Amino acid sequence: MAQIVPSLLSADILELKELLEEFKDFGIEWLHIDIMDGHFVPNLSFGPQFVESIKGNSNFLLDVHLMVTPPEDFLDLFVKAGADLLTVHLESTPHIHKVISYIKSMGCRTGIAINPGTPVFLLEDIIKEVDLVLIMSVNPGFGGQEFIENTFKRLSDLRRLCKALNISPLIEVDGGINGENIEKLLELGVNMLVIGSAITRSKDRKSRLSELDSIIKRSRKLS
Ligand code: DX5
Ligand code: ZN
């Protein structure tokens, strides 16, 4: 079943408490937390202390998206801080198998992310090891960017790969998701819709969440 996974990247930090209350009231299960280091992507965001604070003050499951290099230096920190799922970019390390195995050995769920220019077939030898595949639908680094249309083709490639290997990992898409593209993403088997600015920069967040959620419910009925 598909769900909205709000990204906190574009949230107003001073409104965070209120925002988390709204998400809780709405029945949101997972939150997406973007970690950026100014090397792998040209921006900085949150650190482990932020993750720890959210973990300690809420019951959300935390989907931590590492955009850092080398990821090896940060795995312990973010698992200890309370990540429930740690996603690492394929492009961020030559030792992706080792990294995924290490995260698993700490008892944390694992995800693998790929940038818009990385072919889906490169996942073939690692995809069986992970709980989730994250297909980036923008070049990572900033919230509020435009959705890259080629993502749809990449999701079809991913479906074919999963079918061939007889596996069904969670499929997450991140970047530029809004009311216009949700339906098609659901048709292509996406379970986790990471949505940042479409919610957090909206003047009326509650109605926006309801709008997005009703699109998901409608698609569910049609399928
Ligand atoms: C971009 C981040 C995204 C971002 C999505 O690098 O990985 O999670 O917050 O935000 P929107 O929905 O605004 O594209
Ligand atoms: Zn993200």
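**Entry 1: D157**

I began with the side chains of D157 and K153, which are joined by a polar contact of 2.7 Å. For me a polar contact is a pair of N or O atoms within 3.5 Å; within protein, one must be able to donate a hydrogen and the other to accept it, and residues adjacent in sequence count only if both atoms are side-chain atoms. This is a predicted model, where local features need pLDDT of at least 70 and side-chain atom pairs count only at pLDDT 80 or more, while totals for chains, interfaces and linings use all residues. Residues are numbered from 1 along each chain as its sequence is written, chains are lettered from A and ligands numbered from 1 in the order in which they are written, and side-chain values use heavy atoms, with hydrogens and water left out.

I found D157 in helix 5, residues 151-165. Helices (H or I, at least four residues) and strands (E, at least two) are DSSP runs, numbered from the N terminus. Is D157 buried or exposed? D157 has a relative accessible area of 18%, so I noted D157 as buried. The cut-offs are under 20% relative accessible area for buried, over 50% for exposed and partly exposed in between (1.4 Å probe, protein chains only).

**Entry 2: the zinc ion**

Which residues hold the zinc ion, ligand 2? I listed H32 (NE2), D34 (OD), H65 (ND1) and D174 (OD) as its protein donors, lying 2.0 to 2.3 Å from it. Donors are N, O and S atoms within 2.8 Å of the metal (3.2 Å for Na, K and Ca); water is not among the atoms, so sites may look incomplete. The six donor atoms around the zinc ion subtend angles of 69 to 168°, so the arrangement is octahedral. Six donors count as octahedral if opposite donors are over 155 degrees apart and all others between 65 and 115.

Along the sequence, I wrote the spacing of the donor residues as H-x1-D-x30-H-x108-D. D34 in strand 2 and D174 in strand 7 (residues 170-174) are 140 residues apart, a pair that links distant parts of the chain. I checked burial too: both D34 and D174 are buried.

**Entry 3: ligand 1**

I counted 20 residues around ligand 1, and the closest are S7, D34, G144, D174 and S197. A residue is near a molecule or strand if one of its heavy atoms lies within 4 Å of it. By class, this shell has eight nonpolar, 10 polar and two charged residues. Strand 2 (30-36), strand 3 (61-67) and strand 8 (192-195) each supply at least two residues of the shell, and strand 2 gives the most, with three.

Next I looked at oxygen atoms of ligand 1. One is 2.5 Å from an N or O atom in the side chain of S197. A backbone N or O atom of G141 lies 2.8 Å from an oxygen atom of the ligand, and a polar side-chain atom of H32 lies 3.4 Å from an oxygen atom of it.

I saw that the peptide bond from T69 to P70 is cis, with omega near -5°. P70 sits in the loop between strand 3 and helix 3 (75-81).

N166 has a positive phi of about 55° although it is not a glycine. I placed N166 in the loop between helix 5 and strand 7, and N166 counts as exposed because its relative accessibility is 70%.

Conventions:
Ala, Val, Leu, Ile, Met, Phe, Trp, Tyr, Cys and Pro count as nonpolar, Asp, Glu, Lys and Arg as charged, and the others, Gly among them, as polar. Four donors count as tetrahedral if all angles lie between 85 and 135 degrees; four count as square planar and six as octahedral if opposite donors are over 155 degrees apart and all others between 65 and 115; anything else is irregular.
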